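Welcome! Take a moment to look over the structure below, and then we will walk through it together.

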Amino acid sequence: MFKGSIATEDVEEVVRALKSAAEPTRLRLLFLLSLAEYTVGELCEVLGQSQPRISRHLRLLSEAGFLDRFREQQCVYYRAPVSGRYLEWLRQVLSMADPEAPVLRLDRERAVEVVGKRALLAQGQLGHMPGTATREELADVVLEALGPATVGELLDIGTGSGLMLEILGPRARHAIGVDISAPALRLARTRIHGAGLAHCEFRRGDMYRLPFDDATFDTVTIDRVLAGAERPVVAIAEVARILRPAGRLIVIEDFDKIDVCMGENPLSLLRSWLAYGGMTAQRMRPSDVAGRHFIVACAQHAPQLSPTPQPQHVAGLA
């Protein structure tokens, strides 16, 4: 059944994994969690089963390696792994079932309702999310800045409603959206997984202390976050740390917001933030999008230079 994909030494491990999935409720859970991230409560509502029963199934699947588990404030989320051999095994297991079976179709319909409730709650907690109406215009600008190169491993910092992941996710091998706001992440999950981008995941995190190893990502995006940040240089330095040597940072900023808040030339100020954060701007240009003025910058790691005294607007931020 798995000829050519599993080594002999893995047979026992495979048998244990398959046994963990060989139960109707667990297969239903695997189908749902291969498409999106859900909490235990949401899965209980979709499947119409008690929390102790669902929790037991989730524990067994997690122990078998078929699910990843992570906490976000008071909520615990589950999802299928985004890479590795367990993902490949999971795909083969699910390929042997009919996704249009009545029970699986009903699960998907209930999931849409549950996720819709999640989105309404998150939207009420967040209020207006700026920028969502400019999706098409921003997509053109961002894709032009990136050019034809692949996105690879993508990180979107301050993901908000997930706009950058919606634009670049289809071109990414794997993508993560990070935000300090749990309601924003709930809204982004709804938007991105509803668009079928199951390879995108979300994590709550601080942009000044990103929870990732050095040189992890090929592309990083920051959309209208730095102008309102207390320490923009520190945030950019974190990007420089987690970005691979040939990686790229795409920054989108509101030209007028920087101009009003900082009282300095927005292009020069953004260029200095990048420089003192260890990045150098390859391209930087103003763009008018939906009647607003933006700056779109594409930056890479800066060459090692001799230390230079920091200007007043940067000093004390590192």
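## The whole protein

Of the contacts in the protein with a separation of 6 or more, 68% are between residues 24 or more positions apart, where contact means heavy atoms within 4.5 Å. This is a predicted model, in which local features need pLDDT of at least 70 and side-chain atom pairs count only at pLDDT 80 or more, while totals for chains, interfaces and linings use all residues. Residues are numbered from 1 along each chain as its sequence is written, and side-chain values use heavy atoms, with hydrogens and water left out.

You will find twelve helices and ten strands here. Both are DSSP runs numbered from the N terminus: helices are H or I with at least four residues, strands E with at least two. Of the 318 residues, 52% are buried; that is, they have under 20% relative accessible area, whereas exposed means over 50% and partly exposed lies in between (1.4 Å probe, protein chains only). The protein exposes about 15200 Å², with 54% supplied by carbon and sulfur atoms. These accessible areas come from the Shrake-Rupley method with a 1.4 Å probe, and for residues only the protein chains shown count as cover.

Let us turn to strand 7 (residues 217-223). Six of its seven residues are buried, so strand 7 is largely enclosed by the rest of the structure.

Strand 7 runs parallel to strand 4 (residues 152-157), and four bridges join them; strands pair if DSSP finds at least two bridges between them. Here Asp156 stands opposite Thr221 of strand 7. Strand 7 also pairs in the parallel sense with strand 8 (residues 243-254), over six bridges, and Phe217 has Leu243 in strand 8 as its bridge partner. Between strand 7 and strand 8 the chain passes through helix 10 (residues 232-242), making a right-handed β-α-β crossover. Right-handed means that, with the strands pointing away from the viewer, the path from the first strand over the helix to the second runs clockwise.

Leaving aside neighbours within four places in sequence, Thr25 is in contact with residues including Leu47 and His57.

Leu106 belongs to helix 6 (residues 102-126). With a relative accessible area of 35%, Leu106 is partly exposed. Its C-alpha atom is separated by 9.1 Å from that of Leu47, 59 residues apart along the chain.
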